Amino acid sequence: MAKLTAAEIKSALTTVPEWKRKGKTITRTFQFKDFPAAIKFVSSLAILAERAWHHPDIDIRWNKVNLTLTTHDQGGLTEKDFALAKKFDGI
């Protein structure tokens with residue numbers, strides 16, 4: 001899968017408005033009522049990530065889950081990152 005151009009990334013970001021670009025990645029923080037709810041979310045997204053064979057970097061801080069997506073083997077953002085971001089938003 002080819003790395004997206006700057007214009008393609010700008011357009012793709014409009015489809016996942018809660019995600020922010022940080023260099024060669026997109027990131028989003030999800031907030032929950034407590035730690036168990038955050039872990040339940042991570043368990044759900046793990047299933048989607050495994051099916052897509054595309055895994056986010058995950059940082060869990062009590063009720064907050066920070067996700068970072070990039071396509072490492074392409075050295076930047078691809079359609080794969082935005083497709084998975086949309087799926088995570090739907091959980």
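Leaving aside neighbours within four places in sequence, which residues is Thr25 in contact with? The list runs to Lys20, Thr68, Leu69, Thr70 and Leu77, where contact means heavy atoms within 4.5 Å. The model here is a predicted one, so to speak of local features takes a pLDDT of at least 70 and side-chain atom pairs count only at pLDDT 80 or more, while totals for chains, interfaces and linings use all residues. Residues are numbered from 1 along each chain as its sequence is written, and side-chain values use heavy atoms, with hydrogens and water left out.

Thr25 itself lies in strand S2; helices (H or I, at least four residues) and strands (E, at least two) are DSSP runs, numbered from the N terminus. With a relative accessibility of 16%, Thr25 counts as buried, the label for anything under 20% relative accessible area, with exposed meaning over 50% and partly exposed in between (1.4 Å probe, protein chains only). A polar atom of the Thr25 side chain sits 2.8 Å from the backbone oxygen of Lys22.

Now to the rings. Three aromatic pairs turn up in the structure; rings of Phe, Tyr and Trp (its six-membered ring) pair if their centres lie within 6.5 Å, and planes under 30 degrees apart count as stacked, over 60 as edge-to-face and the rest as tilted. One of these is the tilted pair of Phe30 and Phe41, at 4.6 Å centre to centre with 40 degrees between the planes. That pair links distant parts of the chain, 11 residues apart: Phe30 belongs to strand S2 (residues 25–31) and Phe41 to helix H2 (residues 35–52). Both partners are tucked away: Phe30 is buried at a relative accessible area of 7%, and Phe41 is buried at 4%. Phe41 also pairs with Phe32, again tilted, at 5.0 Å centre to centre and 40 degrees between the planes. Taken together, ring pairs join Trp19, Phe30, Phe32 and Phe41 into a cluster. Over the face of Phe30 lies Arg28, 4.0 Å from the ring centre; the criterion is NZ of Lys or CZ of Arg within 6 Å of the centre and within 35 degrees of the ring normal.

Phe41 has a part in helix packing too. Phe41, Leu45, Leu48, Ala49 and Ala52 in H2 meet Lys80, Leu84, Lys87 and Phe88 in H3.

Conventions:
A polar contact is a pair of N or O atoms within 3.5 Å; within protein, one must be able to donate a hydrogen and the other to accept it, and residues adjacent in sequence count only if both atoms are side-chain atoms.
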